[in-house]
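The following exercises concern a single protein chain and its computed geometry. Please study the sequence and the structure before working through the solutions.

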Amino acid sequence: EGSYKFFSWLEPSLGLAYGLQSQKIRYKAGVSFWDVTLRILDWPRTPVLGRIGEAGLKAILKPPFDLPKLSGFLGTLWPWPHDPNPPDIAYVMWESNRSLPLPFKIELGFFQRTLIGWWQLGVSPAQFQYSQTRLSLRRELLSVSFSYGTIENESKFPDFIFTQGVKGESTALQGERFWALQFERDFEVISVSVPVPLLPQSLELLVQGGVFLQVASAGKAELPSDGQEDSVVWHDQLSWGLSVMLSLGKVGITGRADFVFTRDGQFRFLFNF
């Protein structure tokens, strides 16, 4: 992906990718002028739940200050193996992402996204929508976040559902509603200078430890029985554990090892960098 800015107000952009499984070239090409971006794309990214890509026309408005970002799309979602002819859709979406400093060096974060979409465009347009919100508090190496979301899908748009999970669990939860809580407390263990041959300055190796807790829950409505109203059945997951993080100075190399314990007594070791 790349872009080039002209005159401080005009910025064309181009992105290319190759899918190893689909054996297709994917692309997105657009132009931004002031706060508006117009794109034509066939790209592996979409805000529509249950899908991984979209192809069509997109317009994005990024107003100044902390006003919500608006976007609109008209096109086709990528096919699934069981859905070789995906529907044409249109959607509008707005996102708000803000942060607010609080006393005692605490930072409050707020993220909110709402999407309203329509499918069966050539017949009788049917609506589907979702909304999700995340609140977070951070103070130095301590962070807490809470997320929740809801879906409205009376038109039965296929595969439109939230997917949630916790670290260490191989199976994810799915539902029309969800909430999730994450807590993490990191602490510095040691910081040392590591001399590297051929480099004029030593690199700083930082080692951090941490403890974390994750809880996620997803609810799905069951069909009514015996004249009762619809009831929502919730399923949840919980994991906690210890982490070790290493970062190597100005090189930007970081690694993290997690020792995860799940509620059913299972242990997982995870490593990424």
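**Exercise 1: Contacts and core**

I89 touches V48, F73, L74, G75, L77, W118, W119, L121 and F157, leaving aside residues up to four places away in sequence; a contact means heavy atoms within 4.5 Å. The model is predicted, so that local features need pLDDT of at least 70 and side-chain atom pairs count only at pLDDT 80 or more, while totals for chains, interfaces and linings use all residues. Residues are numbered from 1 along each chain as its sequence is written, and side-chain values use heavy atoms, with hydrogens and water left out.

Task: which residues in the largest nonpolar core touch the most other members?

Step 1. A nonpolar core is a set of buried Ala, Val, Leu, Ile, Met, Phe, Trp, Tyr and Cys residues joined through side-chain atoms within 4.5 Å; buried means under 20% relative accessible area with a 1.4 Å probe, protein chains only.

Step 2. The largest nonpolar core has 22 residues, and V48, I89, F157 and F160 touch the most other members. At least two residues of this core come from each of β4, β6, β7, β8 (106-119), β9 (126-139) and β13 (177-194).

**Exercise 2: Pockets**

Task: which element gives the most to the lining of the largest pocket?

Step 1. On a 1 Å grid over the protein atoms alone, a pocket is an open set of points where a 1.4 Å probe fits, with protein on both sides within 12 Å along at least five of seven lines; lining residues have an atom within 4 Å of a point.

Step 2. The largest pocket holds about 620 Å³ of space. Its lining comprises 29 residues, of which T37, R39, I60, K62 and K69 are the closest to the centre.

Step 3. β4 gives the most to this lining, with 5 residues. By class, the lining of the largest pocket has 10 nonpolar, 7 polar and 12 charged residues.

Step 4. For the second largest pocket, the space is about 510 Å³. Among its 17 lining residues, N153, E154, K156, E176 and A221 are the closest to its centre. Strand β10 (residues 142-152) supplies the largest share of this lining, 3 residues.

**Exercise 3: The whole chain**

Task: how many helices and strands has the chain?

Step 1. Strands are DSSP runs of E with at least two residues, and helices are runs of H or I with at least four.

Step 2. The chain has 0 helices and 17 strands.

Step 3. Of its 273 residues, 33% are buried.

Definitions and conventions: Grid points are joined across faces, edges and corners, and a volume is the space filled by probe spheres set on the points. Ala, Val, Leu, Ile, Met, Phe, Trp, Tyr, Cys and Pro count as nonpolar, Asp, Glu, Lys and Arg as charged, and the others, Gly among them, as polar. Buried means under 20% relative accessible area, exposed over 50%, partly exposed in between (1.4 Å probe, protein chains only).
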